[in-house]
Amino acid sequence: MQSWSSTPVPRVAGQPRPLRLFDTATGEVRPTAPGPTAGMYVCGITPYDATHLGHAATYLAFDLVHRVWLDNGHEVHYVQNVTDVDDPLLERAARDQDDWVVLAMRETALFREDMVALRVLPPRQFIGAVEAIPEIVESIAKLIAAGVAYRVDDPEYPDVYFDKDATGRFGYESNYSTETMLGFFAERGGDPDRAGKRHPLDALLWRMARPGEPSWPSELGEGRPGWHIECSAIALNRLGSGFDVQGGGSDLIFPHHEYSAAHAEAQTGEHPFARHYVHSGMIGLDGEKMSKSRGNLVFVSKLRAEKVDPGAIRLALFAGHYRSDRAYTDELLAGAKQRLATWRRAAALPAAQSAEATVARLRDHLGDDLDTPSALAALDAWAAEALSTGGTEQSAPTLFRAAVDSLLGVEL
């Protein structure tokens, strides 16, 4: 699957700061410690609707991770999937009397356009679940051979399931209780009541073909993959075990990231799957989480059609910390537009006071678990002083502009 086009990232003078991130598994902010190449896997969209601001907040958070690593001199091997076959996609296509393949292609193309507009740096590899089916089948076959996957006793549909106790570590990534897991599993695509399973929390690996559903021939029998195994297979085959960051929204902590880690670790015997599990908060509207099921969505494409500057969208979402659940309002966007206009006026000055200390503070704040509210405040202070009192350093506006572009992805 084709990724999207990139945008240049300026080099910024001064000393980079190493990146520390909150790890969901340990509950601590810890240093990331990549080698020359940092590995990151971020779970992608299920393409049955347009990109909303909740999606955008997630991909912008990991865009900052990407940018800080680049600033530190690392190459970044970034992988992202597209879940282009799954129940929500098929259900939407049936509801709208649409072809599920056409729907997935259309919404994936729109997602790419939104990412380009938002200046999100692209993944090196952008992989659809459908194109990865051969490697998914291979992964499932390994799990069956290892005795950690099994078929339910159903003569008609002997689907393949994963034994959640396979690694002896199930639950380490989310740290949720069994009761909490069962609740989320039922809400988020699981089937705890499926007859024939060894445990209600065992997760689907391969769904045998049903009438009217897409399916593929394989050594497992005609069928299609479950959700979690796609990310496990795609990440393992491109990044290997122990890559630096697995990322996504906080709604992926469980079940998705718990199972994808367990699937991978059961195959390889290596722990952990990722060295950091990093999750962004939810974006709300009118007091509720922004979600397709609720229909309370603000689409990136709609804002673009209204000629909203993508830089303002970035700044609106950076106004809150990436890990916090936070609300989107018209006032938040208006404030971001004003901030962007102020920064652009300051960056256009022929000279200003030195920006070196401000850029150092920007790096400090981003290196400290992507503290964008503090980073924005530091840049606000420099811009306000530049516009009110000026200065004599001709290179300062250029340094300010380059740092905002490189580290925050906002073009001034």
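In which helix is Leu 64 found? Leu 64 is found in helix H1, where helices (H or I, at least four residues) and strands (E, at least two) are DSSP runs numbered from the N terminus. This is a predicted model, in which local features need pLDDT of at least 70 and side-chain atom pairs count only at pLDDT 80 or more, while totals for chains, interfaces and linings use all residues. Residues are numbered from 1 along each chain as its sequence is written, and side-chain values use heavy atoms, with hydrogens and water left out.

- Leu 64 counts as buried, at 2% relative accessibility; buried means under 20% relative accessible area, exposed over 50% and partly exposed in between (1.4 Å probe, protein chains only).
- The C-alpha atoms of Leu 64 and Arg 92 are separated by 32 Å, with the two residues 28 apart along the chain.
- A cavity is a set of points on a 1 Å grid over the protein atoms alone where a 1.4 Å probe fits but cannot get out, and lining residues have an atom within 4 Å of a point.
- The model has 2 cavities of 30 Å³ or more; a volume is the space filled by probe spheres set on grid points, which are joined across faces, edges and corners.
- The largest cavity holds about 50 Å³ of space, and its lining includes Leu 60, Leu 64, Phe 318 and Arg 326.
- Helix H1 (53–71) and helix H9 (310–318) are the elements that give two or more residues to this lining, with H1 supplying the largest share, 4 residues.
- By class, the lining of the largest cavity has 7 nonpolar, 2 polar and 1 charged residues (nonpolar: Ala, Val, Leu, Ile, Met, Phe, Trp, Tyr, Cys and Pro; charged: Asp, Glu, Lys and Arg; polar: the others, Gly among them).
- The second largest cavity holds about 30 Å³, and among its lining residues are Asp 49, His 55, Glu 107 and Phe 111.

**Pockets**

- A pocket is an open set of points with protein on both sides within 12 Å along at least five of seven lines.
- The largest pocket has a volume of about 1400 Å³ and is lined by 49 residues, of which Tyr 48, Pro 88, Arg 188, Trp 227 and Asp 251 lie nearest its centre.
- Elements giving two or more residues to the lining of the largest pocket include H1, helix H2 (87–95) and strand E8 (203–208).
- That lining divides into 17 nonpolar, 18 polar and 14 charged residues.
- The second largest pocket, at about 160 Å³, has Trp 100, Ala 104, Thr 108 and Arg 112 among its lining residues.

**Helix H3**

- The buried residues of H3 include Trp 100, Glu 107, Phe 111 and Arg 112.
- Seen down the axis of H3, its buried residues fall within an arc of 165°, so they line one face of the helix; the arc is that of the directions from the helix axis to the C-beta atoms.

**Strands**

- Strand E3 (residues 37–42) has 5 of its 6 residues buried.
- E3 runs parallel to strand E4 (residues 75–82), joined by 6 bridges, and Tyr 41 stands opposite Val 79 in E4.
- An open sheet of 3 strands has the order E13-E12-E14 with mixed pairing; two strands pair if DSSP finds at least two bridges between them.
- Strands E13 (288–289) and E14 (326–327) stand at the edges with a single partner strand each, so one side of each is left without a neighbour in the sheet.
- Strand E12 (residues 283–285) runs parallel to E14 through 2 bridges, and Ile 283 stands opposite Arg 326 in E14.
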